[in-house]
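Come along while I look a few things up, one entry at a time.

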Amino acid sequence: MTNCCCCCGSKEAKTIANLNAAFNGESNASAKYAVYSEKAKADGYEALAALFAAASKAETLHAARHARVLRSLGAEPVANIAEYVGKDVREMLQDAIAGETEEFTAMYPGFIATAEAEGQTAAVNSFQGAMEAEKIHAKLYAEALADTEAWRAKRDFYVCSICGWTEEGSAPDKCPICGVPADKFLKF
């Protein structure tokens with residue numbers, strides 16, 4: 001196995017590099033949202049704390065899926081986790097919206113195009129699943145930013161344990177991304 005992903009000349013070299021970038025990004029997002037969850041909880045935003053905790057788990061699931069694909073291509077995933085601190089609730093939400101939006105509007109579409117060009121179906125599927133979940137995260141964060149005070153009361157969030165799809169209120173009958181049944185969702 002190799003950690004090389006850029007200079008080895010393999011036909012999937014760019015996809016491997018993109019998978020590792022996505023693995024690193026998702027790992028960092030998970031760490032950041034875990035810190036944001038604790039800060040939101042300490043500041044009395046129960047629903048926002050639950051949303052950040054749910055998103056943290058979803059990001060961990062995305063990273064794990066990217067890691068599986070990386071290993072299947074003979075590469076080992078590497079993440080360099082930064083240190084994060086909780087901020088003002090509005091700053092945390094703005095940061096989260098910016099990160100999620102960049103992922104589903106720029107990063108993942110480019111990664112998908114490269115993986116398709118290199119014939120890497122497993123990578124395409126991994127990227128697409130994460131991209132769709134990031135759209136819902138950005139939407140939920142935007143809703144919270146629009147009325148932060150409404151996010152003090154408790155709310156439940158459900159995360160698909162396979163792909164990271166996140167749903168408010170109750171788990172869907174089946175995941176809209178991967179199709180697993182409601183009993184495979186994790187409650188936050």
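**Entry: Ala63**

I started with Ala63, which is buried because its relative accessible area is 4%, and buried means under 20%. I found Ala63 in helix α2. A reminder to myself: this is a predicted model.

Next I asked what Ala63 is in contact with, leaving aside neighbours within four places in sequence. The list holds Phe23, Glu26 and Ser27. I also looked up a distance: Ala63 and Gly164 are 101 residues apart along the chain, and their C-alpha atoms are separated by 10 Å.

**Entry: His66**

I stayed in helix α2, where His66 has its place. Is His66 buried or exposed? His66 counts as buried, because its relative accessibility is 0%.

Then I wrote down what His66 touches, not counting residues up to four places away in sequence. The list has Leu19, Ala22, Phe23, Glu26, Tyr108, Ser126, Phe127 and Ala130. Phe23 and Glu26 were also on my list for Ala63. For another distance I picked Asp95: His66 and Asp95 are 29 residues apart in sequence, and 23 Å lie between their C-alpha atoms.

**Entry: two residues of helix α1**

I moved on to Thr15, which is found in helix α1. Thr15 has a relative accessible area of 0%, so it is buried. With neighbours within four places in sequence left aside, Thr15 is in contact with Thr114, Ala115, Glu118, Gln120, Ala123 and Phe127.

Asn20 lies in helix α1 too. Why does Asn20 count as buried? Its relative accessibility is 18%, so Asn20 falls under the 20% cut-off. Not counting residues up to four places away in sequence, Asn20 touches Leu70, Glu76, Pro77 and Val78.

I wanted to see which residues gather inside. In soluble globular proteins, nonpolar side chains tend to be buried together. Here the largest nonpolar core has 27 residues, and Tyr33, Leu48, Phe52, Leu93 and Tyr141 touch the most other members. I listed the elements that give two or more residues to this core: α1 (13–42), α2 (46–72), α3 (89–117), α4 (121–146) and β1 (157–160). Which of them gives the most? My note says α2, with 10 residues.

Leaving aside neighbours within four places in sequence, Leu48 is in contact with Ala40, Val89, Leu93, Ala144 and Trp151. There is also a second, separate core of 19 residues, and Leu70, Tyr108, Ile112 and Ala123 are among them.

**Entry: stepping back**

Last, I took in the whole protein. I counted four helices and three strands, and from the N terminus on they run α-α-α-α-β-β-β. The C-alpha trace spans about 55 × 35 × 25 Å along its principal axes. A compact globule of 188 residues would have a radius of gyration near 16 Å, and the protein has 17 Å, so the two agree.

Of the 188 residues, 46% count as buried. Among contacts between residues at least 6 apart in sequence, 73% join residues at least 24 apart. The accessible surface comes to about 8500 Å², and 53% of this belongs to carbon and sulfur atoms.

Definitions and conventions
Residues are numbered from 1 along each chain as its sequence is written. This is a predicted model: local features need pLDDT of at least 70, side-chain atom pairs count only at pLDDT 80 or more; totals for chains, interfaces and linings use all residues. Side-chain values use heavy atoms; hydrogens and water are left out. A nonpolar core is a set of buried Ala, Val, Leu, Ile, Met, Phe, Trp, Tyr and Cys residues joined through side-chain atoms within 4.5 Å. Buried means under 20% relative accessible area, exposed over 50%, partly exposed in between (1.4 Å probe, protein chains only). Contact means heavy atoms within 4.5 Å. The radius of gyration is taken over C-alpha atoms; the globule rule is 2.2 Å times the number of residues to the power 0.38. Accessible areas come from the Shrake-Rupley method with a 1.4 Å probe; for residues, only the protein chains shown count as cover.
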